[in-house]
Structure formats: C-alpha cells, structure tokens
Amino acid sequence: MSRFHAVCLSLVVAVCLLGTPSAPACTGITIKPKDGSIIFARTLEFAVDLKSNILVVPRGKEYVGSTPTGKPGLRWKTKYGLVGMNAFDLPVTVDGLNEKGLHVGLFYFPSFAEYQKVKGEDIDKALAPWELGVFLLGTCSDVKEAVAAAKSVRVAAVVQKDMGFVPPVHYIVTDAKGNSVVLEPTGGELKVHDNPFGVMSNSPTFDWHMTNLSNYVNLTVSNVPPIEVGGKELKGFGQGSGMHGLPGDFTPPSRFVRAVAFSKSALPVDTAKAGVLQAFHILNQFDIPKGAARGVEHGKEVSDYTLWTSAADLKNLRYYFRTYDNSKIRMIDLKAADLDAKEIRTVSVQSKEEIEDVTKAAK
C-alpha cells in the first residue's frame, strides 16, 4: 500500500470513529392551497435544547441591535405585531409571522456565512444575525419591503453568548402573495436569491442547491413502465419506482431535493387548514430522531434531533407548531392576539405527549 493510500485510509477510519461536527439540519417548504392561502412550514434541528417558546411581540416594541464592539447598534420600533418561536429566552424570533402575512425563518448556514464588516460610521445600522428576522417582521409588510430593509442595515459577526460563537445563518422570507426570497451573508455581502419553490435547507449556498436539482431530472411521480432487456422484461418492485434514486439521507443537499420533490408533487388541497396538515405530513419525512445524526463537538458526541416543527398560515395569520416531546399540533391566532399590549408575551411550548386510551370503545 502506498503512503498516499495509507493516509487516505487513516482519514476514513478517523472520520468513521470520531464522526463529524454537528450541523443543524432544518428544512422548509411552501404549500399553496386552492383557496389562495400560503403555508410556509419548517423543521428546526439542533444538538441541544434551544429553550424555544412562542413570543407574541406587540406593535411599538423598541429594539436595539447588537454589535461586535458591544456598542448600541440599529434602533427600531415594531410597526407590526408578530408571533413566532424564539431561542435561549431572547426577545427575538428565529421563525415568525407578522400581522401582514410576512414570514421570516432563520436557517443554519455553517462554513459559508460571512457577515458584513461594520465601520465606525455604520455602527447605528448594525445588528446581530439572530436579530435580522425580528427586525424585518416588525417593520416590513412584504418581500419587496423586506429586501429593501435588509439592504439598508449591516448584519454583523456578533458572538451569541449562549452559544459562545457567531451563529452562521441565512434566511428565507415569504409573503402572503407567495413571493419568496433567500437572504445569504456571503463574501461580506447580503445576497438575495429568488426562491421559486419556496424551499429551504442549509449549506451550501442557495444557488448551488438550485443547480444541484439538475442531477435529479429523471425523478417522476409516476411508476416507471417495464422495459425489455435482452429479451427479458424488467419491472419495478411495487409503488415508487418513479422516485427511485431520490436521496434519503439527512444532509442539506439531499433534504433540499426531497423538499422540492415532496412539496411540489403533493396533490393540491382546497383549504388553508388542509394545507397546514399536508405540510406537517410532508415534514414527517424530515423528522430526525435522537441518535440518527451524530457528530463530535469539543471532544464530545452530540446528536441533532428535531426540536420543533412549525407551519405559518400567511393569509389567515395563524401559527401552528408541535415539539419533540409533544406531537399534538397547537396554534396561535395572531388576529385574536392583543398586538397593542405593553410587553412581549411568552407562551411556553413545554408539554408532554398524551396517549389516549380507547380501550373502553373496544368493549
């Protein structure tokens, strides 16, 4: 065996034994029912509990952006009320919906996120990566406004104290008309990508994922007809032969392909409620149980799992969610919330699964 091959073999063995660093595996899809509603749904995966809860943020809430130097950054006040999931008890949403039907979701973007430099004269335009979502939701009514607002600020490399590092993220923005874009901090700029499928995952960049779809042009929802080879008929084993070759692992490229395949092949539904339920069914395909996706961080094995799954009805302004510990779908109606309240209200999502005993019905 050559020295080159020996080194390669050693590396392969090391990877198999030690694993690879954890990279949270979130997946997002868009469903468009016949009634004109728009449903954006996503999973959120991480290797530790992010202590997420539901926030209802009222109009008039004042925020001050975080900066790398610790000085106060961008100052803004919410024009629109909003609802969504937070993390680490922060007063910001990592996934949320505002009263105009605008949705913004943060997705992990490791190895590719490169934030904007903040010069002294730009300090009053700066905010942290985890603050951009709540800024857009609080001040914008649609995708066009959100893109303009995102370009007017500086998303800076700020250390998140609960994580101990600068979180690498990118964003998907969707409005009630079905417009969708992806915002990605790359090369020190905030780049904007049109998102025709309304689908999202993680690294690499969004344009790479779109190009990668060309590797799967052979996929079809219809079963492949039998073929004759050398005088012998060959046919598929039951249902699903048209989707043979669809990647099934948890990597971001594979999940992106599956998200497009499942969300765009799903049979049309009539109503927003049916769309929400369809979205949760599709995202069952992306649910990660504890132990199936492991890595090593700081010498310790970690395991990503699906902390929660959400679905936002952008027309009817309802935010649905379920958690790892409770698969029951729960909902908050933003139209019924007090958006002129004095303070942010927090709704705990912590609850245990209840198993219904139907034995009496069998007697």
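In which loop is lysine 51 found? Lysine 51 sits in the loop between β2 (39-46) and β3 (54-57), where strands (E, at least two residues) and helices (H or I, at least four) are DSSP runs numbered from the N terminus. The structure is a predicted model, in which local features need pLDDT of at least 70 and side-chain atom pairs count only at pLDDT 80 or more, while totals for chains, interfaces and linings use all residues. Residues are numbered from 1 along each chain as its sequence is written, and side-chain values use heavy atoms, with hydrogens and water left out.

**Backbone features in loops**

- Lysine 51 has a positive phi of about 55° although it is not a glycine, and with a relative accessibility of 46% it counts as partly exposed; here buried means under 20% relative accessible area, exposed means over 50%, and partly exposed lies in between (1.4 Å probe, protein chains only).
- Serine 111, in the loop between β8 (103-108) and β9 (126-127), also is not a glycine and has a positive phi, near 75°, and serine 111 counts as exposed at 77% relative accessibility.
- Serine 203 and proline 204 are joined by a cis peptide bond with an omega of about 5°, and proline 204 belongs to the loop between β13 (189-194) and α4 (206-212).

- In helix α3 (residues 143-151), the buried residues are Val143, Ala146, Val147, Ala149 and Ala150.
- Seen down the axis of α3, the buried residues fall within an arc of 165°, so they line one face of the helix; the arc is that of the directions from the helix axis to the C-beta atoms.
- The exposed residues Lys144 and Lys151 are carried on the face of α3 that is turned away from its buried side.

**A charged patch on the surface**

- Asp49, Asp325, Glu353 and Glu354 gather in a surface patch of negative charge, and a patch is made of residues with over 30% relative accessible area and no salt bridge, like charges being joined within 9 Å.
- A salt bridge is a side-chain nitrogen of Lys or Arg within 4 Å of a carboxyl oxygen of Asp or Glu.
- Glutamate 353, one of the residues in this patch, lies in the segment after β20 (345-347), and glutamate 353 is partly exposed, with a relative accessible area of 39%.

Technical notes:
Patch = residues over 30% accessible without salt bridge, like charges linked within 9 Å, V, L, I, M, F, W, Y side chains within 5 Å. Areas by Shrake-Rupley, 256 points an atom, 1.4 Å probe, with all protein chains shown as cover. Lys, Arg positive; Asp, Glu negative; His and termini not counted. Charge placed at Lys NZ, Arg CZ, Asp CG, Glu CD.
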